[in-house]
Amino acid sequence: MDTILSELKIGLTLVDNTGQIIYFNQLASELLGWDRNLPENNILSCHKNETKHKVLDKLNKPAGVEWHRVIKAHNRYIENAYSPINIPGKFTGAMIITKDVTEREQNLERLKKHSETDPLTGLYNRNLFLDVIQGYITGSKSYGLVMLDLNGLKYINDHFGHEEGDRIIREATEAIRSSVRDSDLAFRIGGDEFLILTSDKESVLKMIETRVKKKNMIPSKDTPAVLNLSVGYATSCEAKDMEAVLALADQRMYQDKQAFYLGDGKFFRQ
């Protein structure tokens with residue numbers, strides 16, 4: 001039986017209603033740390049004091065459905081499926097079926113990350129922004145939005161290629177990351193558009209704008225491929241819904257952008 005279970009890569013642990021382990025196979029020992037040299041192994045040793053009573057409650061129920069638990073130990077993800085056993089007058093406890101599900105969980109993490117982040121910059125994407133902002137709206141929580149737009153990206157792409165454009169986008173990403181607080185969230189919501197979800201306090205919004213602007217460089221015909229971001233912000237106190245707040249931040253960003261194209265960036269328009 002041990003050989004069969006080993007080939008199937010299944011760990012097996014039999015535990016009574018006090019948490020004491022009656023039997024375990026080799027893989028269960030490797031994955032969960034059970035030690036044959038100890039006089040007694042108990043699954044309660046794996047649980048925090050505040051959760052031990054819940055484990056005992058489940059082990060002592062006369063009947064019930066399976067329950068599952070995925071834990072991370074020794075850089076591996078381990079899934080435990082608990083199957084209650086009740087033989088009246090003889091035995092009450094559970095059989096724990098254990099599998100190493102590291103590859104599965106890592107794949108799920110990658111899928112989750114790809115669904116929430118922009119592949120070029122690693123920033124969160126528009127879909128996640130819409131999910132997060134909905135929580136603010138539902139909880140009637142105030143917020144500020146900072147809209148940013150990368151100036152001259154089309155010119156850079158057209159004259160120097162998309163590889164150079166991607167470099168500037170990544171440079172903009174680092175400028176944004178180093179300008180926000182740990183509690184702020186930064187998103188890439190378009191080709192040259194970025195968004196920061198932050199506090200509705202004017203001092204915080206102004207601080208982010210100032211930090212970003214300090215990293216801007218003035219482009220020229222000789223060196224057009226430099227970082228330059230236009231910025232505009234608005235708060236939930238200024239408009240009745242998120243779309244209106246976003247539109248107001250976008251409008252203010254566009255005003256900043258117009259000033260850039262009429263001044264330092266006017267050659268981009270030629």
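Author: One cut-off before we start: contact, or touching, means heavy atoms within 4.5 Å. Keep in mind too that this is a predicted model.

Now zoom in on strand 1, residues 11-16. Six of its six residues are buried, so the strand counts as mostly covered, where buried means under 20% relative accessible area. In a regular strand the side chains alternate between the two faces of the sheet. Here, Gly 11, Thr 13 and Val 15 point one way, while Leu 12, Leu 14 and Asp 16 point the other way, and all are buried.

Which strands does strand 1 pair with? On one hand there is strand 5 (residues 91-100), joined to strand 1 in the antiparallel sense over six bridges. Thr 13 has Ile 96 as its bridge partner in strand 5. On the other hand there is strand 2 (residues 21-24), which runs antiparallel to strand 1 and is joined to it by three bridges. In that pairing, Leu 14 stands opposite Tyr 23. Strand 1 and strand 2 form a hairpin with four residues between the strands, and Gly 19 takes a positive phi near 95° in it.

Carry on across the sheet and you meet strand 4, which runs antiparallel to strand 5 and is joined to it by 10 bridges. Ile 96 turns up again here, as the strand 5 bridge partner of Tyr 82.

The structure holds five aromatic pairs. Trp 67 and Tyr 82 make a stacked one, because their ring centres are 4.8 Å apart and their planes sit at 5°. Trp 67 belongs to strand 3 (residues 67-73) and Tyr 82 to strand 4 (residues 76-87), so this pair ties together parts that are 15 residues apart in sequence. Both Trp 67 and Tyr 82 are buried.

Compare that geometry with Phe 129 and Phe 187, an edge-to-face pair with 5.3 Å centre to centre and 75° between the planes. This pair links distant parts of the chain, with Phe 129 in helix 5 and Phe 187 in strand 7 (residues 185-188), 58 residues apart. Phe 129 and Phe 187 are buried as well. Ring pairs also bring in Tyr 124, making a cluster of Tyr 124, Phe 129 and Phe 187.

Next, a pair of helices. Helix 6 (residues 153-160) and helix 7 (residues 162-177) pack at an angle of about 145°, with their axes 7 Å apart. Helix 6 brings Leu 153, Ile 156, Asn 157 and Phe 160 to the contact, and helix 7 brings His 162, Glu 164, Gly 165, Ile 168 and Ile 169. By type, these residues divide into five nonpolar, three polar and one charged. The buried residues of helix 6 are Leu 153, Tyr 155, Ile 156 and Asn 157, and what covers them includes strand 6 and helix 7. Just after helix 6, Gly 161 takes a positive phi of about 95°.

Finally, two serines in loops. Ser 140 sits in the loop between helix 5 (126-138) and strand 6 (144-150). Ser 140 has a positive phi of about 50° although it is not a glycine. Its relative accessible area is 68%, so Ser 140 is exposed.

Ser 199 is in the loop between strand 8 (193-198) and helix 8 (202-214). With a relative accessible area of 15%, Ser 199 is buried. What does Ser 199 touch, not counting residues up to four places away in sequence? The list is Tyr 143, Gly 144, Arg 181, Asp 184, Val 204 and Leu 205.

Note on methods
Residues numbered from 1 in each chain as written. Predicted model: local features only at pLDDT ≥ 70, side-chain atom pairs only at ≥ 80, totals over all residues. Heavy atoms only, no water. Buried < 20%, exposed > 50% of the residue type's maximum accessible area, 1.4 Å probe, protein only. Axes fitted to C-alpha atoms, helices over the stretch in contact; angles between N-to-C directions. Nonpolar A, V, L, I, M, F, W, Y, C, P; charged D, E, K, R; others polar. Pairing = 2+ DSSP bridges. Phe/Tyr/Trp six-rings, centres within 6.5 Å; stacked < 30°, edge-to-face > 60°.
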